[in-house]
Amino acid sequence: MRFARRGAAGAEKPVVVVDDTTYDLTPITADIDGAFLESDFRARVSEAIEAGSLPVVDPADARYGAPITRPSAVYCVGMNYAAHAAESGAEPPKNLVLFMKAPNTVVGPYDEVKIPRNSAKTDWEVELAIVIGKRASYLESTDDSLDHIAGFTIANDLSEREWQIELSGGQWGKGKSAPGFSPLGPELVTPDEVDFADLRLRSFVNGEPRQDSSTADLIFDVPYIVWHLSQHLALEPGDVIMTGTPQGVALSGRFPYLAAGDVVELDIEGLGSQKQVFA
């Protein structure tokens, strides 16, 4: 199943795509949020489709919002590809690096993003994002992780590198939480739809290739990330985990940072694509 939220900002309606047919989810939920995701949502949707209680809709050119409502938390794994750690001037981490972004950074996958005032080093980062479907706290093993995952989507973990690194004061949050810095979507794709362990992920700036890698190159893989985080905090339904970005960002020194008018495109195999124009 592939879930999305379509419509103007603040007025999105939840839909699900099954076998290329789009169904309106409002008869069973007002939105795609934590409460819906922890309610055995796939079974509920299947039963409603079989019962004929979900209207078929044609969203046509309606805007894509983020595929979930604002999460309670956006967790991010840093330097989770060895080549990206190297281009950042760091050794690959021996322990999982965690930072957080403000939940109000989440926007739709095609929304315009404004470069922050006084920013000189706004950077792109294509990432596989995990969406939690069931509360996870002190999981016994990585074998338990998948049961707590609602699905996956694409994230652009936008960063202001001067604020993140040079003017950080020791933490990354200032460089990670500008408005619009977490485009998500277009769809929340359930785990049965994709091989999340080996997905090609790419980014382009103004049509020129930047990143091209695979989730098979993650240092800490998806099951480990969920298990490990559950040992330190409680993951709630609807929470987002960005799993890290591969090499090919502006921080490497090989490419210029983003400027007004630039267009960033991201795609991940099986999850679709994003496109942002920067202003």
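Analyst: Of the 279 residues in the protein, 54% are buried, where buried means under 20% relative accessible area, exposed over 50% and partly exposed in between, with a 1.4 Å probe and protein chains only. The model is predicted, so local features need pLDDT of at least 70 and side-chain atom pairs count only at pLDDT 80 or more, while totals for chains, interfaces and linings use all residues. Residues are numbered from 1 along each chain as its sequence is written, and side-chain values use heavy atoms, with hydrogens and water left out.

The protein contains five helices and 17 strands; these are DSSP runs, numbered from the N terminus, with helices (H or I) of at least four residues and strands (E) of at least two. One of the strands is β14, residues 208-214, and Arg-210 is placed in it.

Is Arg-210 buried or exposed? Arg-210 counts as buried because its relative accessibility is 14%.

The side chain of Arg-210 makes a polar contact with the side chain of Glu-208, at 3.3 Å. A polar contact is a pair of N or O atoms within 3.5 Å; within protein, one must be able to donate a hydrogen and the other to accept it, and residues adjacent in sequence count only if both atoms are side-chain atoms.

Leaving aside residues up to four places away in sequence, Arg-210 touches Trp-124, Ser-203, Phe-204, Val-205, Gln-247, Gly-248 and Phe-255. Contact here means heavy atoms within 4.5 Å. Across the protein, among contacts between residues at least 6 apart in sequence, 75% join residues at least 24 apart.
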